[in-house]
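Reader: I would like to go through a model feature by feature. Please give the general idea each time, and then the case at hand.

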Amino acid sequence: MPTRSRWEVITEWPLNIAAVIFLIAYAIPVANPDAPEWLLLTCEVVVWVTWGLFAVDYVTRFVLAHDKWRFFRSNLVDLAAVVLPMLRPLRLVRLLSLLSILNRTATQRLHGRVVTYTVGAVSLLVVIGALAVTDAERGVPGANIENLGDGFWWAAVTIATVGYGDRFPVSPIGRGVAVALMIGGIALLGVVTATIASWLVQRVADVTEQQEIATREQVDVLASELAEIKNQLATLVARTQFEGELTATGDPVSTG
């Protein structure tokens, strides 16, 4: 196994556990900004420590990559999470890596993967969107998303592309989060729809193939039976002709 692949296998679960810890540490100050000072400080330290782990992971994978330009192009989300630490809501993009875990740990059946992946992805995107927009909007003049409850309501409405308009971001970062969440909701809906359509087509193809196999088996049986009947008829015709010749010459015909 290549060195970078081995590194990714070894660090995959530890980093995703760190991402969950990061989410908790990030969420506490957003949900309760009036928490004790020691708790807020602890959460801030945890956030920066986990960010450091993500940065070390990105740099290590970049150094170990054979095609560094290809690695750079295919890991822009991880790069954004590393180089933009001062924009707190953007740190949450690291949590999108958890979607790959949801996809791999889903059941092997296609509809099971769709259900697991959809529920996990929607839940994670709503949580990320709610935390990010609440963090970005709180304290901004003219903002109407002032607490996490408003953030969750807005995130659920936005990812569903409903858009009631009762809650909306006014800050540049908040609007950026809104754009990302809307794109994520549309993309997720498209993926689910395409997957279900593919599953239905595959089901129809499987049924058609089974019917074709059964039909071929029946045709083979009929062909075998027809061949046997043909052989029996040929034998009967030959015997009748032989008996006719014996009768014509006056020889006795055996009845055996």
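Predicted model: local features only at pLDDT ≥ 70, side-chain atom pairs only at ≥ 80, totals over all residues.

Reader: What share of the residues is buried?

Author: Buried means under 20% relative accessible area. Of the 256 residues in the protein, 30% are buried. The accessible surface comes to about 16000 Å², and carbon and sulfur atoms hold 68% of it.

Reader: What part of the contacts comes from residues 24 or more positions apart?

Author: Among contacts with a separation of 6 or more, such pairs account for 62%.

Reader: Next, the rings. How many aromatic pairs does the count give?

Author: Two rings pair if their centres lie within 6.5 Å, and the angle between the planes then sets the class: under 30 degrees is stacked, over 60 is edge-to-face, and the rest is tilted. By this rule there are seven aromatic pairs. One of them joins Phe22 and Tyr26, with 6.0 Å from centre to centre and 35 degrees between the planes, a tilted pair. Both residues lie in helix α1, which covers residues 3-31, and they are four residues apart, about one turn of the helix. Phe22 and Tyr26 are both buried.

Reader: Why is the pair of Tyr58 and Phe71 tilted?

Author: The planes of Tyr58 and Phe71 stand at 45 degrees, with the ring centres 5.5 Å apart, so the pair is tilted. This pair links distant parts of the chain: Tyr58 belongs to helix α2 and Phe71 to helix α3 (residues 68-74), 13 residues apart. Tyr58 counts as buried because its relative accessibility is 7%. Phe71, at 4%, is buried too.

Reader: Which residues do ring pairs link into a cluster?

Author: Phe22, Tyr26 and Phe54 are linked into a cluster by ring pairs.

Reader: Now the charged side chains. How many salt bridges does the count give?

Author: Side chains of opposite charge can pair when their charged atoms come close. Here the count comes to two salt bridges. In one, the side chains of Asp57 and Arg61 meet at 3.1 Å, N to O. Asp57 and Arg61 both lie in helix α2, four residues apart, about one turn of the helix. Both are buried.

Reader: Where do Asp150 and Arg167 lie in the chain?

Author: Asp150 and Arg167 form a salt bridge whose closest N and O atoms are 3.4 Å apart. The pair links distant parts of the chain, with Asp150 in helix α7 and Arg167 in the loop between α7 and α8 (172-249), 17 residues apart. Asp150 is buried, because its relative accessible area is 17%. Arg167 has 29% relative accessibility and so counts as partly exposed.

Reader: Which backbone oxygen does the side chain of Thr50 reach?

Author: The side chain of Thr50 reaches the backbone oxygen of Val47 at 2.9 Å. Thr50 lies in helix α2 and counts as buried at 5% relative accessibility. Leaving out residues up to four places away in sequence, Thr50 touches Ala18 and Phe22. That Phe22 is also in the ring cluster described above.

Reader: And which backbone oxygen does the side chain of Thr158 reach?

Author: Thr158, found in helix α7, has a side chain that reaches the backbone oxygen of Trp154 at 2.7 Å. Thr158 is buried, with a relative accessible area of 9%. Apart from neighbours within four places in sequence, Thr158 is in contact with Ala178, Leu181 and Met182.

Reader: Is Arg138 buried or partly exposed?

Author: Arg138 counts as partly exposed because its relative accessibility is 27%. Arg138 sits in the loop between α6 (110-137) and α7 (148-159). The side chain of Arg138 reaches the backbone oxygen of Val30 at 2.8 Å. Residues that Arg138 touches, beyond those up to four places away in sequence, include Pro29, Pro33 and Ile145.

Reader: Last, which residues make the nonpolar surface patch?

Author: Leu41, Val45, Val49 and Leu53 make a nonpolar surface patch of about 360 Å². Val45 lies in helix α2, residues 37-64, and is partly exposed at 45% relative accessibility.

Methods
Residues numbered from 1 in each chain as written. Heavy atoms only, no water. Patch = residues over 30% accessible without salt bridge, like charges linked within 9 Å, V, L, I, M, F, W, Y side chains within 5 Å. Areas by Shrake-Rupley, 256 points an atom, 1.4 Å probe, with all protein chains shown as cover. Salt bridge = Lys/Arg side-chain N within 4 Å of Asp/Glu carboxyl O. Helix = DSSP H or I, 4+ residues; strand = E, 2+ residues; numbered from the N terminus. Buried < 20%, exposed > 50% of the residue type's maximum accessible area, 1.4 Å probe, protein only. Polar contact = N/O pair within 3.5 Å; in protein donor to acceptor, adjacent residues only side chain to side chain. Contact = heavy atoms within 4.5 Å.
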